[in-house]
Amino acid sequence: MALPILVTGAAGGQQGSTGRVIANLLLKQGIPVRAFVHKLDSRSDELRQQGAEVVEGDLLNAASVQAAMRNIKRAYFTYPVTDGLLEAASIFAAAARDAALELVVNNSQYQGTPGDPAFRDLNRFASFRNLQHRLADRIFDWAQVGVVHVQAPPYYENVRALVSASVSKQSTVFLPWGEDTTVIPLVGAQDVSRVASTLLANPGVPSENVYPLVGETPTVREITEALGRAIGRPIQYVPITDEQWADAVKERLGRHALDHLSHLWQTFRKGEERYQRTDAIRMITGRNPQTLEQFLRENAGFFAGRAQEA
């Protein structure tokens, strides 16, 4: 019997949930999955019912990570937008080296393309979280565990979470994205998951150490227009300050995520980077990436409410 593939973040979270999607994609192909979850609950029960081997553990606990890596050769690493990324990456990389893994697919953040002079410049980073990802990538490289980094910008799911409430109630997007000509690089979490699962399922597929995954590079105006077409009513964009946005979301975003996103918006507003759509998704999966408008149409129910007519 084939060895299972270890998938971290397999229970899934509120946004993206790449680990959960990857586990499902692998199981549908009949590939054994060892699902690493932070706690046992209804989500882990569902994974078990689908055929996954479920293990409870903590990525910051070396013993549980080492135990999860017994009798595997391939693994997917992802870590939530909270404190502990460097510690978790170090523990995972060390355990992977000790277990002689042949491939680790590392869910990282977009850092430009490998040919960009700023690609590995530690003085050029959008946020402290982005710097942590750059350092975590190097930790995996140094561990020599056959790592492939999939580096993604914000997900379509992040946009959905940011604007669904205000669009439902007021048909308006309130964000500190500056002018409506600001470019926001994006990708669908489904596409990131499909890339990762394809790499994990097919020995010999990786030909690169880094795959930047940019599905679209729309302006703020194009994002709101696509949303309007998807849900059938015009959507207004109202730029707000960083302080106004932080005050509005501080109750539902942790300190780490709030700091990361605040700095990310500042980077996008500066417009110094020239973001370009990449071809890695089509090249690896054989399918064109999902468009933002396709995603919004599929998720139109999140924006179902309408502003009251005056």
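Helices (H or I, at least four residues) and strands (E, at least two) are DSSP runs, numbered from the N terminus. The model is predicted: local features need pLDDT of at least 70, side-chain atom pairs count only at pLDDT 80 or more, and totals for chains, interfaces and linings use all residues. Residue numbers start from 1 along each chain as its sequence is written, and side-chain values use heavy atoms, with hydrogens and water left out.

**View 1. Ala 100 in the loop between helix H4 (85–98) and strand E5 (103–109).** Ala 100 has a positive phi near 55° and is not a glycine.

**View 2. Asn 71 in the loop between helix H3 (62–68) and strand E4 (74–77).** Phi of Asn 71, which is not a glycine, is positive at about 60°. Asn 71 counts as exposed, at 61% relative accessibility. Most residues other than glycine have a negative phi.

**View 3. The second largest cavity, with a volume of about 50 Å³.** A cavity is a set of points on a 1 Å grid over the protein atoms alone where a 1.4 Å probe fits but cannot get out; lining residues have an atom within 4 Å of a point. Points are joined across faces, edges and corners, and the volume is the space filled by probe spheres set on them. The count is two cavities of 30 Å³ or more. Val 159, Val 163, Val 173, Trp 177, Ile 223, Thr 224, Leu 227 and Leu 296 line the second largest cavity. Helix H6 (156–170) and helix H8 (220–231) each give two or more residues to this lining, and H8 has the largest share, three residues.

Notes
1 Å grid on protein atoms, 1.4 Å probe; cavity = no way out; pocket = protein on both sides within 12 Å on 5 of 7 lines; lining within 4 Å. Buried < 20%, exposed > 50% of the residue type's maximum accessible area, 1.4 Å probe, protein only.
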